Amino acid sequence: MIHVEHVSKTFGTHQVLGNVDFTIKPGLMTGFVGGNGAGKTTTMRILLGVLDPSEGRVTVDGSPITPAYRAGIGYMPEERGLYPKMPVLEQIVYLARLHGVSKPAATAKAEELLERLGLGERMKDPLESLSLGNQQRAQIVAALTHNPHALVLDEPFSGLDPMAVENTLEVLRDVADTGAPVLFSSHQLDVVERLCDELVIIADGEIRAAGSRQDIRDANTVPAWDLHADADTGWVRGLTGIEVTEFDGGFVRFRADSPQAADTVLRQAIERGTVHSFTPVRPHLTEIFQEVIR
Amino acid sequence: MSTTPAPASADRQVDYQTGRVGFWKAASIVAGREISVKLRSKAFVIATVIMLAFVIAAIILAPRLGGLFDQGGTVATTGDLSSVVSEVTDDEIMEVADAQAARDAIAAGDADSAVVASEDGDGFLVIAEREMPQSLVEALSVAPEVELLDPNAPNPFLAMFIALGFGVVWFSSALTFGNQTANSVVEEKQTRIVEMLLASVSAKALLTGKVMGSSIIAIAQVTLIGIAAVIGGVASGNQIVLDGLAEPILWFIPLFAVGFVMISALYAAGASLVSRTEDIPSTTQPITWLLTLPYMAIVLFFSNQTALQVMSYIPFSAPVAVPVRLFYGTTEWWEPVLSLAIMIVTTGLLILFSAKVYERALLRTGKALKWKEALSSKS
């Protein structure tokens, strides 16, 4: 387990991170969500040792992270970068060799990954001749070829078409399934919502929420229900222990002190006419996110 | 659990050892890439071939250039003098009956000049149409006694050409390869690949690898040129190369090698301060002056022994000044050794300086940094 412990970072007088503290659990995909300038990239750079924290530290299973451990992390920086004029396969092998993988092993692994991500035909082409989406895939392969024991990926899905997102996900899942902790940031909240086991939400350099998707949802969900019925639902307003938040003819959204109180509403609704639907409100990650970072 | 990576799956066990790669291993992988990129660059290969061809051609053709203009001469002479004349000239001999026949032959264009017995009988008469045939006249004249104080003193023109030759090779290689190192640094910064590189290797290893790579290529190119010059000299029997230049060339190569490492490290550091290729000159200008000024000084003071001596102890001009002094033969045996030692020490210090700048500036993007800013800032 990787633990970012009470990390702060100050550039000059400007504090970018304040007491950032969260964990990345082995075998799980942890989504790192935050607006522009929230501190995601800085946090990732500190994790990788590209930057030093002003305060705090990063530990792995309780001991301070070592250069050897860091060298085994698969890293995809926010600012994409590969050599434009160098053939795809060759530069991926080069990067893997800098991670200590032998040339034949790196070549075999890179070829396998490039095939899986649909770049099998383009391995010998210079990077700059590839479309941006394909360059992005090459970048992902570059982060995975040295068989990393952990992944830190900054916006791995940006610029990928839905098919490529699926392929990439599958590859990342495979890595997580080997027991590697995986951290990735994304602006695409729907993607994060769908595939993250854990979530870390950062805003203004501070962690606003962290934990499993369900925990965060539970913590940020005010118990509320939606009721669709044939008849006008204005009568709901008069009930005790019920607070109507939205109302439109046959539709009402209300908060209730307890599920039992909500059930009372349902019972009365059935007595008054046909009920089309009665559901607890589950906010989307987008809504929670907006709520949390406010 | 320890933090050393334990293989979590059979897939990862293979022959991978994911610990951090050693310094020299990393540096040599980086150097290997620099070299392979360069060797595959058509521009580099073509430039090298042209330079080699030029050097070989200059060495083989130079001694023959003079002969080109004298060719095809024919000297008319009478039968009794032909043996004398053939001894003093390489021109073709044409036998004629007498002085009048010789004049007719020249007028007709059959001969360029003629040597006949003078009318009083105890000397020669040289006949030509319009111009005095200099070499023939000299060959037949009685020369005054000449005393040469130093018959082996180097020809000043030759010395100038040699100073220029070493100067051009040093200046142009250092400038070209230095700028290429700079470009390669900025390319990594501009494409942001540097962030991925730094996640696996240290900035020092990266810098070392780059400097090693470009130095190996530059030194190989210069050595190739040096070997071509010596082989060309041997093949064509060019005595200038064989007698006077072998030693200067032998010294030039190590001086160049050390000097180049120094220049290349400085260029890398200068380039790390900027984020875009267009901005490279703004920080590498001072280094370019360090190359240009000594070059101009050598061209101006190639015959001034004191100036040469001073320049042979300044690391930026030593690679040219030392070989030129060796050509003049005015050095003590230990002087080139001292020059080399000074260069090695300076280079070591400048590499430390460059590594510091490089390390601190590499991840700073945006506006170009000043040298001072990089040195005073803590990342």
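In chain B, helix α2 (residues 23-39) packs against helix α9 (residues 203-236) at an angle of about 40°, and their axes are 7 Å apart. Here an axis is a line fitted to C-alpha atoms, for helices over the stretch in contact, and angles run from 0 to 180 degrees between N-to-C directions. The helices themselves (H or I, at least four residues) and the strands (E, at least two) are DSSP runs, numbered from the N terminus. The angle makes α2(B) oblique to α9(B); under 35 degrees counts as roughly parallel, over 145 as roughly antiparallel, 65 to 115 as roughly perpendicular and the rest as oblique.

This is a predicted model, in which local features need pLDDT of at least 70 and side-chain atom pairs count only at pLDDT 80 or more, while totals for chains, interfaces and linings use all residues. Residues are numbered from 1 along each chain as its sequence is written, and chains are lettered from A and ligands numbered from 1 in the order in which they are written.

## Who touches whom

Which residues meet where α2(B) and α9(B) come into contact? From α2(B) they include B:Phe23, B:Ile29 and B:Lys38, and from α9(B) they include B:Leu206, B:Met212 and B:Ile217. Two residues are in contact if their C-beta atoms, placed from the backbone, lie within 7 Å. The residues of this contact divide into 12 nonpolar, 5 polar and 3 charged. Ala, Val, Leu, Ile, Met, Phe, Trp, Tyr, Cys and Pro count as nonpolar, Asp, Glu, Lys and Arg as charged, and the others, Gly among them, as polar.

## Chain B as a whole

Chain B has 15 helices and 4 strands. It is divided into domain 1 (27-63 + 153-376) and domain 2 (73-140), with bounds from an automatic or database domain assignment. The centres of these two domains of chain B, taken over C-alpha atoms, are 56 Å apart.

Let's visit one loop residue. B:Ile314 sits between α12 (305-311) and α13 (318-328) of chain B. B:Ile314 and B:Met343 are 29 residues apart in sequence, and their C-alpha atoms are 7.8 Å apart in space.

## A look at chain A

Chain A contains 10 helices and 14 strands. Of its 294 residues, 43% count as buried. Its C-alpha atoms fill a box of roughly 75 × 45 × 30 Å, taken along the principal axes.

Conventions
A residue is buried if 20 or more other C-beta atoms lie within 10 Å of its own, exposed if 12 or fewer, and partly exposed in between; C-beta atoms are placed from the backbone.
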